[in-house]
Amino acid sequence: MYIINSGNDTTSGNLTAANLLTGEYLYHDGDTDTHIRFSANDAIEITAGNVKMMRFLEDDSQDMVVINEDSADVDFRVESDDNTHMLFVDGSEDMVAIGTDSPVSLLTIKDSTGNSAGGSGNLSKGLVLLADDGSQHTSSDTAGLLTFAGRQSDNDIAISAQISSPSSS
């Protein structure tokens, strides 16, 4: 079934079709600043409240999903089974959090016991750094270089440390 019209049609009830062909925009009735846009071949944008929230692009060089492409003050949240903020990007503060909705630094990690890294405390679930090949380091390996740095003014310090796995005794 094809419905071809260059004007406006109004339908009450349900419209059922095996395939629905549309032009560039698909709007919600009465909400002109919320839409799905087919911006190009293999490209879809989702806009709500005149803010482009998400874009999907399939092309020959790199397929991608882009969140908040226009750099609006939009938070991004991913839930897990037991955590509503398993991954959280604070759009207004330009910070990322894992396990919390309250990042206190560029990256804040908080485990289920309430401990955090990036603020203070220890992570009881741990933080594992993996080698480039995905393997964990052994007790004789050097895990890498971890650098904590500030502006090195009167109130800031810079610390560099070689991180190694603890040796067994």
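Colleague: In the hairpin of β3 and β4, which residue takes a positive phi?

Modeller: Quick note to begin with: this is a predicted model, where local features need pLDDT of at least 70, side-chain atom pairs count only at pLDDT 80 or more, and totals for chains, interfaces and linings use all residues. Residues are numbered from 1 along each chain as its sequence is written, and side-chain values use heavy atoms, with hydrogens and water left out. Strands here are DSSP runs of E with at least two residues, numbered from the N terminus, and two of them pair if DSSP finds at least two bridges between them. The hairpin of β3 and β4 has two residues between its strands, and the one with a positive phi, near 60°, is G49.

Colleague: How many bridges join β3 to β4, and what is the bridge partner of I44?

Modeller: β3 covers residues 43-48 and β4 covers residues 51-57; the two run antiparallel, joined by six bridges. Within that pairing, I44 has a partner in β4, and that partner is F56.

Colleague: What is the strand order of the open sheet, and which strands stand at the edges?

Modeller: The open sheet has five strands with antiparallel pairing, in the order β1-β2-β3-β4-β5. Two of them have a single partner strand each, so one side of each is left without a neighbour in the sheet: those edge strands are β1 (25-28) and β5 (64-67).

Colleague: Which residue in β2 does H28 stand opposite?

Modeller: β1 and β2 (residues 31-40) run antiparallel and are joined by four bridges. The β2 residue opposite H28 is D31.

Colleague: Is I36 buried, partly exposed or exposed?

Modeller: I36 sits in strand β2. Buried means under 20% relative accessible area and exposed over 50%, with partly exposed in between (1.4 Å probe, protein chains only). I36 has a relative accessible area of 32%, so the class is partly exposed.

Colleague: What kind of aromatic pair do Y25 and Y27 form?

Modeller: The structure holds one aromatic pair. Rings of Phe, Tyr and Trp (its six-membered ring) pair if their centres lie within 6.5 Å; planes under 30 degrees apart count as stacked, over 60 as edge-to-face and the rest as tilted. Y25 is partly exposed at 32% relative accessibility, and Y27 is partly exposed at 44%. Their centres are 5.5 Å apart with 20° between the planes, so the pair is stacked.

Colleague: Where is D94, and what is its phi?

Modeller: D94 lies in the loop between β7 (87-90) and β8 (95-98). D94 counts as exposed, at 60% relative accessibility. Although D94 is not a glycine, its phi is positive, at about 55°.
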